[in-house]
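Grab a pencil and have a look at the model below.

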Amino acid sequence: MGIAFDYAPERPEHIDAILNGLDRYNPETTTVFQDYVTQQCEDRSYDCYANLALLKLYQFNPHLLRDEPVTNILTKSLTVFPSPDFSLCLHLLPSYILSPPSSSNNPSNNPTPGDAPLSEAVQKLTILNNLLSGAKYREFWQTLDKDDLYADLIADVGGFEELMRVRVAVTVGQSCREVERGVLEGWLGLTGPPFEHFVREVCGWGVDDTRGVKGMIVIPINKENEAKGTVVKEEVKFDQFARVIRRAYEQPA
């Protein structure tokens with residue numbers, strides 16, 4: 001059996017009690033969930049079910065919405081790609097936050113949808129999610145490094161870059177047996193000794209410097225990347241063919 005969607009091994013007891021009771025819809029628990037999001041960012045744990053509960057409270061109580069917990073939840077959800085957690089969180093946000101930034105000036109005092117800092121942050125994180133979904137890992141790191149806003153968004157999430165590299169490595173390990181070193185360097189956003197340390201010590205992969213211009217990264221065989229032949233065998237009795245042939249010669253009534 002697979003792991004239940006609402007399962008989180010590091011979830012505190014008081015959070016679990018709230019999620020399994022009526023208090024999960026109590027606005028007074030908003031601060032409790034917000035503190036829990038901060039805790040997840042600090043200790044590198046992750047609890048999608050609790051984070052969705054907080055976003056649902058924001059949905060019912062818009063006046064309680066805070067920018068920092070929202071961006072932290074979205075940023076944390078990126079660290080578990082290719083799971084659909086980012087999209088789940090995104091669909092609980094109000095439409096004015098999801099609107100793209102407006103290019104026109106707004107003479108009134110009311111904020112135009114898409115002009116708020118939170119809206120811009122959500123748009124930026126959505127770009128990162130789209131790059132990850134399309135397996136454009138090199139572009140992901142290039143985009144992350146070229147905008148200072150990204151540095152602010154990931155600052156609260158401890159070990160964000162390391163977590164992302166681990167997820168990229170897991171995806172690569174499920175689909176490849178060998179990868180050119182230059183290609184994998186782009187996918188991981190690392191070069192030189194840090195790259196070799198990550199590949200050898202964290203991933204447990206081998207480096208073959210005798211092949212190619214920069215060498216090849218050799219990934220051990222696992223149940224995901226192992227090539228297996230599939231034999232399809234169908235047992236069809238001759239009587240079944242006989243009936244088909246007989247009907248072909250039958251005259252229509």
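Here are the ground rules, then the exercises.

This is a predicted model, where local features need pLDDT of at least 70, side-chain atom pairs count only at pLDDT 80 or more, and totals for chains, interfaces and linings use all residues. Residues are numbered from 1 along each chain as its sequence is written, and side-chain values use heavy atoms, leaving out hydrogens and water.

**Exercise 1.** Find the buried residues of helix 12 (residues 192-202) and work out what they pack against.

*Solution.* 
- Step 1: Pick out the buried residues (under 20% relative accessible area, 1.4 Å probe, protein chains only). In helix 12 they are F195, F198 and V199.
- Step 2: Check their directions. They cover an arc of only 90° around the axis, so they sit on the same side of helix 12.
- Step 3: Look for partners. The buried residues pack against helix 10, helix 11 (181-188), strand 2 (206-208) and strand 3 (216-218).

**Exercise 2.** Say how much of the protein is buried and where its contacts come from.

*Solution.* 
- Step 1: Count the elements: the protein has 13 helices and 3 strands, which are DSSP runs (H or I, at least four residues, for helices; E, at least two, for strands).
- Step 2: Of its 253 residues, 38% count as buried.
- Step 3: Take contacts (heavy atoms within 4.5 Å). Among those with a separation of 6 or more, 59% join residues 24 or more positions apart.

Conventions:
Buried means under 20% relative accessible area, exposed over 50%, partly exposed in between (1.4 Å probe, protein chains only). The arc is that of the directions from the helix axis to the C-beta atoms.
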